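User: I am new to this structure and would like to learn how to read a few of its features. Could you take me through them in turn?

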Amino acid sequence: MVNQQDFFRGNPQEISSDLQGLQTPEGELYLRFFLPCQDEFVLPAAAIREVMQQPPDRITAIPNASPLLLGTINLRGQVIWVADLGQFLGDGTSLNTDRPEIPVIAIEDQETILGLAVDRLGEMEWLDLENLQISTTIPDQIAPFVQGEWVSLQESHPALRLLDHVAILRSARWAA
């Protein structure tokens, strides 16, 4: 059996100061991702059921379905729709489906699941909701689906928009 002296070989004061240097993340965890037009968005990690790389031939096209829907996939025995998020939000740039894998973010609310196909995935990041601002420069067609944005001082990343996953799931656009 390991006693405390064997287990704790470092200087307790050094380890204590190292632990004090660690910072607790502030805010909530979000997934960053990009649409084909290179606009960057985030979704709350709590709303995401799974993130996957899906081969295009594993997305089954469904005849007469909405043009916003790429098809369906089998997610551990459950069939879910996969949507082109860029097209849903009015992005004029088509999603490139001629590649080995398409990033799909499966969002969920009250047992409703939808896969959102995006151009590429970014990092997971802690963002503080206190710094979230009301969006003033977003196009009207995406306004119902954006909760706000974090404005950056860097010109290369002007704004990071927070999407409302519930509004996306419940949208009447899927019926069109």
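This is a predicted model: local features need pLDDT of at least 70, side-chain atom pairs count only at pLDDT 80 or more; totals for chains, interfaces and linings use all residues.

User: In what order do the strands of the open sheet run?

Analyst: The order of a sheet is read from which strands pair. Here 5 strands form an open sheet in the order S3-S6-S7-S5-S4, with mixed pairing. Strand S3 (48-54) and strand S4 (69-75) are the edge strands, each pairing on one side only. On average, neighbouring strands of this sheet are turned by 30° against each other, direction ignored.

User: In which sense do S4 and strand S5 pair?

Analyst: They pair in the antiparallel sense, over 6 bridges.

User: What is the phi of Gln-38, and what is that of Glu-111?

Analyst: Most residues other than glycine have a negative phi. Gln-38 is not a glycine, yet its phi is positive, about 75°. Glu-111, also not a glycine, has a positive phi of about 65°. Gln-38 sits in the loop between strand S1 (28-34) and strand S2 (40-44), and Glu-111 in the loop between strand S6 (102-109) and strand S7 (112-117).

User: Why does Glu-111 count as exposed?

Analyst: Glu-111 counts as exposed because its relative accessibility is 72%, and the cut-off for exposed is over 50%. Gln-38, at 39%, is partly exposed.

User: Which residues is Gly-122 in contact with, beyond its neighbours within four places in sequence?

Analyst: Those residues are Leu-31, Arg-32, Phe-33 and Phe-34. Gly-122 and Phe-34 are 88 residues apart in sequence, but 7.2 Å apart in space, C-alpha to C-alpha. Gly-122 lies in strand S8 (residues 120-127) and is partly exposed, with a relative accessible area of 29%.

Key: Residues are numbered from 1 along each chain as its sequence is written. Side-chain values use heavy atoms; hydrogens and water are left out. Helices (H or I, at least four residues) and strands (E, at least two) are DSSP runs, numbered from the N terminus. Buried means under 20% relative accessible area, exposed over 50%, partly exposed in between (1.4 Å probe, protein chains only). Contact means heavy atoms within 4.5 Å. Two strands pair if DSSP finds at least two bridges between them. Axes are lines fitted to C-alpha atoms, for helices over the stretch in contact, and angles run from 0 to 180 degrees between N-to-C directions.
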